[in-house]
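Subject: Structure handover

Hi,

Here is the structure I promised you. Please open it and keep it on screen while you read.

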Amino acid sequence: MKILIIEDEKLLAQSLKMLLSKKGFEVECVYDGETGKDYALTGIYDLLILDVMMPGLDGYEVASIVRAKRCNTPILMLTARSEIEDRIKGLNSGADYYLTKPFDNRELLACVNALLRRQGGQVDEMSFGNTTLDLSTCILSCGDKSIRLSSKEFDMMRFLLQTKEKNISKEVLIVKIWGFDSNATENHVEVYIGFLRKKLASIGSNVRIEAIRRLGYHLEVSE
């Protein structure tokens, strides 16, 4: 699970990153609203943790822009403002939950887990056909056979399981897995698709990764 922290207090941002990384999340930090907005709109994150008071664009503006662009990533808004009007403004701008500073780390983690559960439906595992991906162990299984995926294989399989029969392009996979500023190419995607096809076959999965020219990849279940 990828989390983006948009927080201008660098010490707090790094503290949150350390806390969440210890829980197994992949975390990135940016320190102003304009950069945060650009990162958020890539759509590669499962959760945004967003401060309100920042230079440039504030948190309310970032949330509003993200929602206007039809990005449905859950937003946890952090602020020192505790007035009811501020909470209403935060929720109306697009935040899913509003956490007031200072907060207990246990409360933050509970909010993060609740928002991710709400988003994903199945947080512990994802299934398609006769095959299951365990999100906590990166293990792909079918019946009594299983195999562990590498980090990139896991990310790619997870995105394919999210979209299932809908096509996901190579360009989108590059952004989601390697990041929008990476040097990854379409060949990287093709190589990892090949790895996944071999691993699916090795465990007797009835799930196939199909390629459609110029449209990308989607999953199908063999008869």
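Below is what I found, region by region.

One caution before the details: this is a predicted model.

**The sheet**

Start with the open sheet. Four strands build it, in the order β6-β7-β8-β9. Their pairing is antiparallel. In general, strands of a sheet pair through backbone hydrogen bonds, either parallel or antiparallel. At the edges sit β6 (125–128) and β9 (145–148), and each of them pairs on one side only. From one strand to the next, the twist averages 20°.

Now zoom in on one pair. β6 and β7 (residues 131–134) run antiparallel and share 4 bridges. Look for serine 127, which stands opposite threonine 132 in β7.

**The helix on the sheet**

Which helix packs on this sheet? Helix α8 (residues 186–202) does, and it touches β7, β8 (139–142) and β9. The direction of α8 makes about 155° with that of β9.

Find lysine 199 in helix α8. Is lysine 199 buried or exposed? Its relative accessibility is 19%, so lysine 199 counts as buried; the cut-off for buried is under 20%. Leaving aside neighbours within four places in sequence, lysine 199 is in contact with Ile147, Arg148, Leu149, Ser150 and Glu153.

**The nonpolar core**

In soluble globular proteins, nonpolar side chains tend to be buried together. Here the largest nonpolar core has 29 residues. Met156, Met157 and Leu160 touch the most other members. Several elements supply at least two residues each, including β6, β8, α7 (170–178) and α8. Which element gives the most to this core? That is α6, with 6 residues.

Click on leucine 160 next. Not counting residues up to four places away in sequence, leucine 160 touches Ile168, Ile193, Leu196, Ile209, Tyr217 and Leu219.

**The hairpin**

β10 (207–212) and β11 (216–221) each supply at least two residues of the core as well. These two strands pair in the antiparallel sense over 6 bridges. Alanine 211 has tyrosine 217, in β11, as its bridge partner. Together β10 and β11 form a hairpin, with 3 residues between them. Check arginine 214 in the turn: its phi is positive, about 70°.

**Helix α3**

Move to helix α3 (residues 59–68). Its buried residues are Gly59, Tyr60, Val62, Ala63 and Val66. Look down the axis of α3: these residues fall within an arc of 165°, so they line one face of the helix. They pack against β1 (2–6), α2 (33–40), β3 (47–51), β4 (75–79), α4 (84–93) and β5 (97–100).

Both ends of α3 deserve a look. At the start, a side-chain oxygen of aspartate 58 comes within 3.1 Å of the backbone nitrogen of tyrosine 60. Just after α3, arginine 70 has a positive phi of about 60°.

**Tyrosine 98**

Last stop: tyrosine 98, in strand β5. Tyrosine 98 counts as buried because its relative accessibility is 8%. Which residues does tyrosine 98 contact, leaving aside neighbours within four places in sequence? They are Tyr60, Met77, Thr79, Arg81, Asp86, Arg87 and Gly90. Tyr60 is also one of the buried residues of α3. Arginine 87 lies 11 residues from tyrosine 98 in sequence, and their C-alpha atoms are 6.4 Å apart in space.

Best wishes

Note on methods:
Residues are numbered from 1 along each chain as its sequence is written. This is a predicted model: local features need pLDDT of at least 70, side-chain atom pairs count only at pLDDT 80 or more; totals for chains, interfaces and linings use all residues. Side-chain values use heavy atoms; hydrogens and water are left out. Two strands pair if DSSP finds at least two bridges between them. Axes are lines fitted to C-alpha atoms, for helices over the stretch in contact, and angles run from 0 to 180 degrees between N-to-C directions. Contact means heavy atoms within 4.5 Å. Buried means under 20% relative accessible area, exposed over 50%, partly exposed in between (1.4 Å probe, protein chains only). A nonpolar core is a set of buried Ala, Val, Leu, Ile, Met, Phe, Trp, Tyr and Cys residues joined through side-chain atoms within 4.5 Å. The arc is that of the directions from the helix axis to the C-beta atoms. A polar contact is a pair of N or O atoms within 3.5 Å; within protein, one must be able to donate a hydrogen and the other to accept it, and residues adjacent in sequence count only if both atoms are side-chain atoms.
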